[in-house]
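Here are some friendly exercises on charged and aromatic contacts. Have a look at the model, try each task, and then follow the solution step by step.

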Amino acid sequence: MIIVRHPIAPKWSILAIAMPTLASDTKKGISTEDLILDGILGVSKRFGRNNNLEIGFGVHAMYSYGDLLITPGISIDYHSNDNKWLAQFYWPRLNVLYSLTPKTQVGIAGSIDWTRFNLKNYISKDKEVDYAQFSSIHAGLQVDQQLFKNITLQVQAGMGLGNSYELFDTNQKTVTKYSISTMPYAKISLSYRMGKR
């Protein structure tokens with residue numbers, strides 16, 4: 001995740017959030033088709049006497065397998081006056097964290113996640129499959145550890161709820177869909193923030 005804020009007025013900033021993802025089974029090698037581009041572009045405004053609430057709005061876009069999905073984008077950043085509590089909402093992700101030290105935070109996290117996999121030339125029910133999509137609602141615990149000035153390591157673990165695995169044909173129509181039982185999950189990611197909070 002890369003977060004960029006550029007001030008354009010005392011309380012206003014241009015906001016860009018990029019969340020690139022690589023999803024591949026590596027059987028045929030890694031290509032640009034395995035890259036999912038996900039992000040938000042818009043403007044944000046700070047509120048409160050201490051500027052501890054920032055709300056951004058704009059466009060959320062996701063590009064994968066030649067398909068571009070555009071929806072309204074929203075981001076919310078809140079930190080308490082004593083900087084002990086931090087809440088972040090970047091559609092479709094939510095984090096609420098408590099600072100144990102200036103560089104270590106713990107808390108809860110949730111997200112709606114979907115990952116696509118390239119399955120070209122796979123046959124299911126006599127139909128050719130173009131890609132598969134795994135969808136899940138994730139909820140769990142998160143630990144953030146600041147490694148350098150603007151780089152933070154995030155470790156998250158919990159349960160995946162409402163899981164499904166769906167196969168799509170070349171016209172992006174559903175070929176078949178499976179429900180998957182609740183399962184544990186773990187995530188490790190790096191965040192790089194440019195600009196001042």
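At 6% relative accessibility, Arg5 counts as buried (under 20% relative accessible area; exposed is over 50%, partly exposed in between, with a 1.4 Å probe and protein chains only). This is a predicted model, where local features need pLDDT of at least 70 and side-chain atom pairs count only at pLDDT 80 or more, while totals for chains, interfaces and linings use all residues. Residues are numbered from 1 along each chain as its sequence is written, and side-chain values use heavy atoms, leaving out hydrogens and water.

**Exercise 1.** Find which residues form salt bridges with Arg5.

*Solution.*
- Step 1: apply the criterion, a side-chain nitrogen of Lys or Arg within 4 Å of a carboxyl oxygen of Asp or Glu.
- Step 2: Arg5 meets Asp77, with the closest N and O atoms 2.6 Å apart. Arg5 lies in strand β1 and Asp77 in strand β6 (residues 67-79), so this pair ties together parts 72 residues apart in sequence; strands are DSSP runs (E, at least two residues), numbered from the N terminus.
- Step 3: Glu54 also bridges to Arg5, at 3.0 Å between the closest N and O atoms.
- Step 4: check burial: Asp77 is buried at 7%, and both Glu54 and Arg5 are buried.

**Exercise 2.** Classify the ring pair of Trp12 and Phe57.

*Solution.*
- Step 1: a search of the whole structure finds three aromatic pairs (ring centres within 6.5 Å, using the six-membered ring of Trp; planes under 30 degrees apart are stacked, over 60 edge-to-face, the rest tilted).
- Step 2: the centres of Trp12 and Phe57 are 6.5 Å apart and the planes stand at 90°, so the pair is edge-to-face.
- Step 3: Trp12 is partly exposed at 30%, and Phe57 is partly exposed at 47%.

Key: Helix = DSSP H or I, 4+ residues; strand = E, 2+ residues; numbered from the N terminus.
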